[in-house]
Amino acid sequence: MVGLGSGVSEADELDGHSIRYRQFLPEFSGVIRFEPFRGGFRPFLEGEAGMSASILDESTFNAEGDRTHHNISEFQPGMLLGWGAGARFKMGKTALLILRYGERIGSPLDLIDQDAQDLNSTAQRQDVSLGMSFAF
């Protein structure tokens with residue numbers, strides 16, 4: 001799991017504190033690739049659709065650092081859509097050079113506001129990738 005944002009505040013217990021952070025769960029998506037040519041140069045277009053989710057994890061610790069309370073207070077599912085374009089270049093009999101650019105946009109995500117310690121900030125999920133890889 002990957003964490004995004006966290007907040008620390010004073011807890012009810014003497015000298016204790018609580019931590020709130022958002023964790024991403026594994027994403028599931030499918031990709032459809034349109035590749036019209038089968039020669040040494042293979043341009044392609046891709047479309048992607050999937051599901052993503054995150055949870056808000058809250059933990060309270062006492063003065064000794066032992067966790068006294070743990071709660072997952074929110075589950076936030078979301079959809080993601082994306083596209084990609086690129087080309088594969090044949091290099092020899094078995095190797096390919098792949099150049100690709102892609103974008104993915106997901107549903108808005110509630111973020112922890114460090115100042116207010118509340119989930120009143122939102123951000124649009126967006127990934128951009130530019131890659132080059134070799135395949136044998």
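User: What should I know about the model before reading contacts?
Analyst: This is a predicted model, in which local features need pLDDT of at least 70, side-chain atom pairs count only at pLDDT 80 or more, and totals for chains, interfaces and linings use all residues. Residues are numbered from 1 along each chain as its sequence is written, and side-chain values use heavy atoms, with hydrogens and water left out.

User: What is the average pLDDT of the chain?
Analyst: The average is 80, on the predictor's confidence scale from 0 to 100 for each residue. A score of at least 70 is reached by 82% of the residues.

User: How many salt bridges are there?
Analyst: The count is six, a salt bridge being a side-chain nitrogen of Lys or Arg within 4 Å of a carboxyl oxygen of Asp or Glu.

User: Which residue does Glu-27 pair with?
Analyst: Glu-27 meets Arg-104 in a salt bridge, at 2.6 Å from N to O. Salt bridges with shared partners also join Glu-27, Glu-48 and Arg-104 into one network.

User: And Glu-35, which partner does that residue have?
Analyst: Glu-35 forms a salt bridge with Arg-38, with the closest N and O atoms 3.0 Å apart.

User: Are those two buried or exposed?
Analyst: Glu-35 is buried, at 14% relative accessible area, whereas Arg-38 is exposed, at 59%. Buried means under 20% relative accessible area, exposed over 50%, and partly exposed in between (1.4 Å probe, protein chains only).

User: What about Glu-46 and Arg-100?
Analyst: Their side chains meet in a salt bridge, 2.8 Å from N to O. Glu-46 is buried at 11% relative accessibility, and Arg-100 is partly exposed at 27%.
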